[in-house]
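Let's take a walk through this one, stopping at a helix and then at a couple of loops. Have the model open and follow along.

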Amino acid sequence: MESTDDISYVNQQEAIEIDQMLMGPLGFTVDQLMELAGLSVASAIGEVYSSSEYTRVLVICGPGNNGGNGLVAARHLHHFGYKPSICYPKRNTEPPFAGLVTQLESLSVPFLPVEDLPVQLSSDFEIIVDAIFGFSFHGNPRPPFDSLIRRLVSIKNQQRTHEKAAVIISVDVPSGWHVVEGDICGEGIEPDMLVSLTAPKLCAKMFCGLHHFLGGRFVPRSIIDKFKLKLPPYPGTSMCVRIGNFPETNSSAQKGIFTASVNLEVEENPIDQVELYKFHKWLGDASEAGVKEPHYMVLSTAGKDAKPSSRMVSLEGVNKDGFVWHTNYRSRKAREISENPHASLLFYWGPIKCQVRVEGFVEQVSDEESERYFSSLPLDIQIRPIVSKQSTLIHGREILHHQYKEFKEKYHDSIPSVPSRSILLVGIQTSIARPKHWGGYRLIPEFFEFWQGEESQVLLKFRYCVEEIDGRRVWTIHRLVPQFAESASSL
């Protein structure tokens, strides 16, 4: 898996020039490039979606070269054990397209007219491959592709309401997106997987799905040098390579940060899969970039007087249920939460130019959960909430030192040497009882905002909100109009 920071992204003109070089002085033919692209797409699908669980595939092909990529992918998917069907409304009868159709018909792969497709595509298919438009497309989609794109958009709404929904794989550029600016209107396809070809296009930076692959192992050195491309190495004999880090359970705990339990397969998930993955990925990127204590966050609360207060706290866990931290139940923040159980969290990681805001409802975690966390702490850390009576008056620091020393001497024989907080979760069992005034809180998100800066000072924002649609509370995404920073540090 390759970090997205180590990959080149190309604009539309650069993509066109690369294609012209490949099919000009470098001697590639259109059908060769289609074969390589289609195999890359099929390989990426096979890596993520097993043919035993995702059997029925609909490949929607446009009239141009990207449609040809889809035809090749369908043929490979057939040989990989899937059951593909093809919707090819505007057939290109020239070679190599006509030959690809003949090959598929000889394998008894069905071609379906638009009018024969089910109203709900998810009822007949587990996977839908969007091979309609590629990087050279511009303008507004025309019939019947405009209606097909709208049907693909509706599938994401099904996913948000936890209905049965197919996964969408877009080839090179999600159809209807601007090749540079992405989904400008914010109402386009939101694919689960994007398979970029040759080099990722600039719009891929706006891709928010779980799986981003690159297929382009054929790119000659002369093109890499001319366009100063940074492309990832391909593993083994694979025709595709994953871009970006896929979330791994407890990966952050291995760095001594906290335990993050991520289960992307859970249904009825309070947090949508995309938001959870994106947060987990950015947190991992911040850690790898050397951000000190990237798990620290600003917690903002307000009591019944509506006066806000903020402080830094340590995020101790994040999973499908929410964001967890631990504190004194007699502190100011605890009092304000009891009066007004709504709060916000703010994470800012300067080196990677990323910020995340989270808003939602706060609840106390169960006593059992607080006990498990407390018992995992080293003894000298357990002493701290016993000694510290947060937000109360104190006449001098020496009083805390004296009380801490007394407790430490009381448990002298049991306390291990703990030079760093980096081993807080090693699971040491102790005999100190958790004080009843100390425990955990969980923020259940109703709002996410992901901010990402660019060297050009164009700031991108993606906003996820819980909204009520047809009586159901569902996640909706809003891509906000990019703003230019008012200053070098403006967020």
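Helix 3 is largely enclosed by the rest of the structure, because twelve of its 15 residues are buried. Keep in mind that this is a predicted model.

How far apart are the end C-alpha atoms of helix 3? Helix 3 covers residues 65–79, and at 1.5 Å a residue its 15 residues should span 21 Å. The end C-alpha atoms sit 22 Å apart, which agrees with that expectation. Go just past helix 3 and you reach Gly81, with a positive phi of about 105°.

Now over to the loops. Is Asp192 buried or exposed? Its relative accessible area is 13%, and the cut-off for buried is under 20%, so Asp192 counts as buried. Check its surroundings as well: Ile168 is 24 residues away from Asp192 in sequence, yet their C-alpha atoms are 5.3 Å apart in space.

The last stop is Glu316, in the loop between strand 9 (308–314) and strand 10 (317–319). Glu316 has 11% relative accessibility, so it counts as buried. What does the side chain of Glu316 make a polar contact with? The partner is the side chain of Tyr373, at 3.0 Å.

Methods: Residues numbered from 1 in each chain as written. Predicted model: local features only at pLDDT ≥ 70, side-chain atom pairs only at ≥ 80, totals over all residues. Heavy atoms only, no water. Helix = DSSP H or I, 4+ residues; strand = E, 2+ residues; numbered from the N terminus. Buried < 20%, exposed > 50% of the residue type's maximum accessible area, 1.4 Å probe, protein only. Polar contact = N/O pair within 3.5 Å; in protein donor to acceptor, adjacent residues only side chain to side chain. Expected span 1.5 Å × (residues − 1).
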